[in-house]
Amino acid sequence: MTPTIDQLLVKKTDSLETVLRTIDASAQGICFVVDEDQKLVGILTDGDIRRAFMNRLTLSTAAVEVMNTNFTSRSIDTPREELLQLLDHRIRHIPLLNETGQPVDYACIHRYNRFPVSEPELGGNELEYVTNCIKTNWISSAGKYVRDFEAMVAEYCNVPYAAAVSNGTVALHLALDALGIGKGDEVIVPDLTFAASINAIIYCGATPVIVDIDPTTWNICPKATKRAITSKTKAIMPVHLYGLPAEMDAIRDLAKKHNLLIVEDAAEAIGSIYKGKKAGSMSDVATFSFYGNKTITTGEGGMVLFQDEETYKKAIVLRDHGMDKNKRYWHNFVGYNYRLTNLQAAIGVAQMERIDDIVARKIELGKLYNEGLKDIAEFQLPASFKDVTNTYWLYTIVLNDNCELDRDTLIGKLQQNGIETRPVFYPLHAMPPYQQYVRDEEYPVADRVSKRGICLPSYLSLQPSEIEFICGVLRKQVSLVKL
Ligand SMILES: Cc1ncc(COP(=O)(O)O)c(C=O)c1O
């Protein structure tokens, strides 16, 4: 239940203890401070109170001494559209005032039911570091933030070498090219992934071999992978779909036995862990995407991680037009311009400074969905395993066969409640450019998951009460259809 305005009000003479109790009871993380005439004079968030305690104020300090007087409010007759435009992850509550300045209601994202699927969170040092690039003129791809960003990601994933690139798609292309994969080689790729995975293989002139996914993990099926190996197979490209690591033990066993390379598409899985190993550290070369909807972002951006120095050195030459590092304008290879700018890397550094917190919040969000949906028999939830950490890039459910609701009808109902969703990707084998890569195989699992899967809002500032609301809408829709 959303609290009423009265449940969010405190008097300016009230102690911080009262303020804390009010915030705790409403679970909104905020309260509005009024004077003796009931006029709004300030707001207080739980963050303000934390800072007050750090400045050695106590529970008996009066609200007036700590409150924030620089706040956003609007008149009660402000049009809904205007309020919706103001509400975002920073301004989550707007007090609405009568003509004498007394709060009589409030707007908040929850009440206005606007839940995007994803949204970047740039609340750390992003602005400062980008400003620093502009002030110092280091806006291109040379610059300290690029090097720092690479070092931070390499250290975080525990891999020796990292090269920042302009997006996750070219990261895959560079990875394959640096490994020498090309014409005549086959690369095995799962049917259910974003098209960039297969496109990168085609860019190299290699032949993608599409295999079905596992019904539990929705990731590449090791059995189907085994069946697809031929004398031409050069590499396997597991994709950690929606943040859940693929079954890497089985993939690594196959690669070892058949002397194959592994290129790990970890675009959706920074921070995920498989048996003690971070996503990005379980292959010859691995890639990340830092597109605006990813767990951490640089707007557009990517990273390639390497275990082997020689491949890394080749990749950074290819990234920079194939130009000799010691002989300017001398090109040893047909290279590319796949560099990331210092401006983008500056954002990446600020995001990486908060990676532990960001990943912890993503995991928490997934757990809350798991808890809220666990008893709905109509839904298959993301698989969980004791020694695997899913970071729930997009929290995804699949409608079981007993679900009488059609997937697209459910998406429409969620939309009516302001809940944005995404259908799961189309299977690669079904799309025109990739049909030529279909062997005699059938893809029943990918077909099913693609037709019945829904990705739910998974942005970082999603609140527990909001997840509860979304789960409530899902539950209601499923039960209504049974009536
Ligand atoms: C699995 C996967 N691979 C590759 C990419 C490509 O990344 P980018 O959009 O940064 O090019 C994405 C991005 O959405 C992805 O989800």
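This is a predicted model: local features need pLDDT of at least 70, side-chain atom pairs count only at pLDDT 80 or more; totals for chains, interfaces and linings use all residues.

Residues are numbered from 1 along each chain as its sequence is written, and side-chain values use heavy atoms, with hydrogens and water left out.

The protein has 17 helices and 20 strands (DSSP runs: H or I of at least four residues for helices, E of at least two for strands, numbered from the N terminus). Its C-alpha atoms fill a box of roughly 80 × 65 × 40 Å along the principal axes.

Fifteen residues form the shell around the ligand, and Thr169, Asp265, Glu268, Ser289 and Lys294 come nearest (near: a heavy atom within 4 Å). That shell splits into five nonpolar, seven polar and three charged residues (Asp, Glu, Lys and Arg count as charged; Ala, Val, Leu, Ile, Met, Phe, Trp, Tyr, Cys and Pro as nonpolar; the others, Gly among them, as polar). Helices α8 (168-178) and α9 (196-203) each supply at least two shell residues, and α8 gives the largest share, three residues.

| Residue | Distance to a ligand oxygen atom |
|---|---|
| Asn167 | 3.4 Å |
| Glu268 | 2.5 Å |
| Lys294 | 2.7 Å |

On its own the ligand has 390 Å² of accessible area, and the protein covers 92% of that (Shrake-Rupley method, 1.4 Å probe).

Key:
A polar contact is a pair of N or O atoms within 3.5 Å; within protein, one must be able to donate a hydrogen and the other to accept it, and residues adjacent in sequence count only if both atoms are side-chain atoms.
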